[in-house]
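Hello,

Here is the structure I promised to pass on. Please open it first, then read the notes below it.

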Amino acid sequence: MSDENGAGASAEASGTGRRNDEAVSRFVERFAAEMTEAGMQRMAARVFAALLSSEKGSMTSAELAEQLQISPAAVSGAVRYLNQVDMVSRERDPGSRRERYVLHNELWYETFTRRDQLLARWEKALRDGAQTLGLETAAGQRVTETAEFFAFLQTEMAGLLDRWRAYRESQPSTPPDA
């Protein structure tokens, strides 16, 4: 049984492998709302959540437009954003002119790895800025503390990602339809 905000949006067809489209739709909208609240563009969040909840992790523009009840132009803009932030890629359907939008493998691991690289660039810029501002000034000290925070996050993130990789490798594989 599904709760009213879609938290129970798993397949509810008692072993038939069929999904409850209404429950899936509630999940997509709920998760998209959470991502929007965190700062992602609303339409990109909806498209991402739809791709994430799709069985194959990929959909065409027409499939996305139909599921989300949006225009192909809205799909295109959302996919452009998701592609720019490396969350999805475009692939051609073999023998077709149709493009398919695909989630990257190990999406979250790769996303946080890239975020770690961004933190390193920010840390360097902040350390340079602290030198420019003067390490003895209040502004220089504030910028230095921010740089140290990013250095700390990088160290912790590297360890966290290593632990995640070890955890994943220790888990038994489960077939996608299990």
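Arg 100 is buried, with a relative accessible area of 18%. That falls under the 20% cut-off for buried. Keep in mind that this is a predicted model.

The side chain of Arg 100 forms a salt bridge with that of Glu 63, at 3.6 Å from N to O. Arg 100 belongs to strand β3 (residues 99-103) and Glu 63 to helix α3, so the bridge ties together parts 37 residues apart in sequence. Glu 63 is partly exposed, at 34% relative accessible area.

Arg 100 also turns up in the surroundings of Ser 58. Setting aside neighbours within four places in sequence, Ser 58 is in contact with Leu 51, Arg 100, Tyr 101 and Val 102. Ser 58 sits in strand β1 (residues 58-60). Its relative accessibility is 11%, so Ser 58 counts as buried. One more distance for Ser 58: its C-alpha atom is 9.5 Å from that of His 104, a residue 46 places away along the chain.

Now the other salt bridges. How many does a search of the whole structure find? The search gives 6 salt bridges. Two more of them are described here.

Glu 29 and Arg 46 meet through their side chains, at 2.8 Å from N to O. This pair links distant parts of the chain. Glu 29 is in helix α1 (residues 21-37), Arg 46 is in helix α2, and 17 residues separate them. Are the two partners buried or exposed? Arg 46 is buried, with a relative accessible area of 8%. Glu 29, at 28% relative accessibility, counts as partly exposed.

Asp 128 and Lys 124 make a salt bridge of 3.0 Å, N to O. Both lie in helix α5 (residues 107-133). They are 4 residues apart, about one turn of the helix. Asp 128 is partly exposed, with a relative accessible area of 40%. Lys 124 counts as exposed, at 53% relative accessibility. The cut-off for exposed is over 50%.

Back to α2, the helix that holds Arg 46. It has 12 residues. From first C-alpha to last, α2 reaches 17 Å, close to the 16 Å expected at 1.5 Å a residue. The helix is mostly covered, with 9 of its 12 residues buried. Those buried residues are Ala 44, Ala 45, Arg 46, Val 47, Phe 48, Ala 49, Ala 50, Leu 51 and Ser 53.

How is a pair of packed helices described? Two numbers are used: the angle between the axes and the distance between them. Helix α2 (residues 42-53) packs against helix α3 (residues 61-68) at an angle of about 105°. Their axes are 11 Å apart. Angles of 65 to 115 degrees count as roughly perpendicular. The two helices are therefore roughly perpendicular to each other.

Which residues make the contact? From α2 come Arg 46, Val 47, Ala 50, Leu 51 and Ser 53. From α3 come Leu 64, Gln 67 and Leu 68. By class, the contact has 5 nonpolar, 2 polar and 1 charged residues.

Arg 46 takes part in the salt bridge with Glu 29 and in the contact of α2 with α3. Leu 51 belongs to that helix contact and is also in contact with Ser 58.

Best wishes

Key
Residues are numbered from 1 along each chain as its sequence is written. This is a predicted model: local features need pLDDT of at least 70, side-chain atom pairs count only at pLDDT 80 or more; totals for chains, interfaces and linings use all residues. Side-chain values use heavy atoms; hydrogens and water are left out. Axes are lines fitted to C-alpha atoms, for helices over the stretch in contact, and angles run from 0 to 180 degrees between N-to-C directions. Angles under 35 degrees count as roughly parallel, over 145 as roughly antiparallel, 65 to 115 as roughly perpendicular and the rest as oblique. Contact means heavy atoms within 4.5 Å. Ala, Val, Leu, Ile, Met, Phe, Trp, Tyr, Cys and Pro count as nonpolar, Asp, Glu, Lys and Arg as charged, and the others, Gly among them, as polar. The expected span of a helix is 1.5 Å times one less than its number of residues. Buried means under 20% relative accessible area, exposed over 50%, partly exposed in between (1.4 Å probe, protein chains only). A salt bridge is a side-chain nitrogen of Lys or Arg within 4 Å of a carboxyl oxygen of Asp or Glu.
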